[in-house]
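Reader: I am new to pockets. Please show me how to read them in a structure.

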Amino acid sequence: MIDRAGDRNELRAWFRLLLIHKAISRRISARFRSEFKTSTARFDTLAQLNAAGGEMTMGELSEQLMVTSGNVTGVIDGMAADKLVVRRRHETDRRSIVITMTPAGRNLFTKVRAALSKWMGEAMTKMSDAEIAQLIKLLGKLKHSTDSWE
């Protein structure tokens, strides 16, 4: 039997974050597939491209997504085949490939983002606006703390 009395609150918070992340991710992933015929990886890629103004190098994209360039290449191959992105050689660095969102990619991102906002609102219906604001603030503090963690 596990002695939970000895667990620190930090560990309990970590496990709670993992459980919530897993539950939300599973539901969101299923909805992405069923309603938009897309994946979380594709949405994340479009979100990063959108945040960067519509285009990034493969290296930048890999870094922002925190995955290997091989993983990004596989996702981009499928997205390019579906005309959500186009790739071209970098104008000054011939070793780099630039990925650009197409109008179809922007359209998909806009639709999925709106649905995701709605779904997250549904997931948080038992929280007040003040509680959600407090959660955002606390998660920001946690991120700041982990950014300086060695």
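Reader: What volume does the second largest pocket have?

Author: Rolling a probe the size of a water molecule over the atoms shows where empty space is left. A pocket is an open set of points on a 1 Å grid over the protein atoms alone, where a 1.4 Å probe fits, with protein on both sides within 12 Å along at least five of seven lines. Its volume is the space filled by probe spheres set on the points, which are joined across faces, edges and corners. The second largest pocket has about 380 Å³. This is a predicted model, where local features need pLDDT of at least 70, side-chain atom pairs count only at pLDDT 80 or more, and totals for chains, interfaces and linings use all residues. Residues are numbered from 1 along each chain as its sequence is written, and side-chain values use heavy atoms, without hydrogens and water.

Reader: Which residues line the second largest pocket?

Author: Lining residues have an atom within 4 Å of a point. Among them here are Trp-14, Leu-17, Leu-139 and Trp-149. H6 gives the largest share, 6 residues. Helices are DSSP runs (H or I, at least four residues), numbered from the N terminus.

Reader: What is the volume of the largest pocket?

Author: About 1,200 Å³. Of its 28 lining residues, His-21, Ile-24, Ser-25, Met-120 and Leu-139 are the closest to the centre.

Reader: Which element gives the largest share of that lining?

Author: H1, with 10 residues. The lining of the largest pocket holds 19 nonpolar, 6 polar and 3 charged residues. Ala, Val, Leu, Ile, Met, Phe, Trp, Tyr, Cys and Pro count as nonpolar, Asp, Glu, Lys and Arg as charged, and the others, Gly among them, as polar.

Key
Helices (H or I, at least four residues) and strands (E, at least two) are DSSP runs, numbered from the N terminus.
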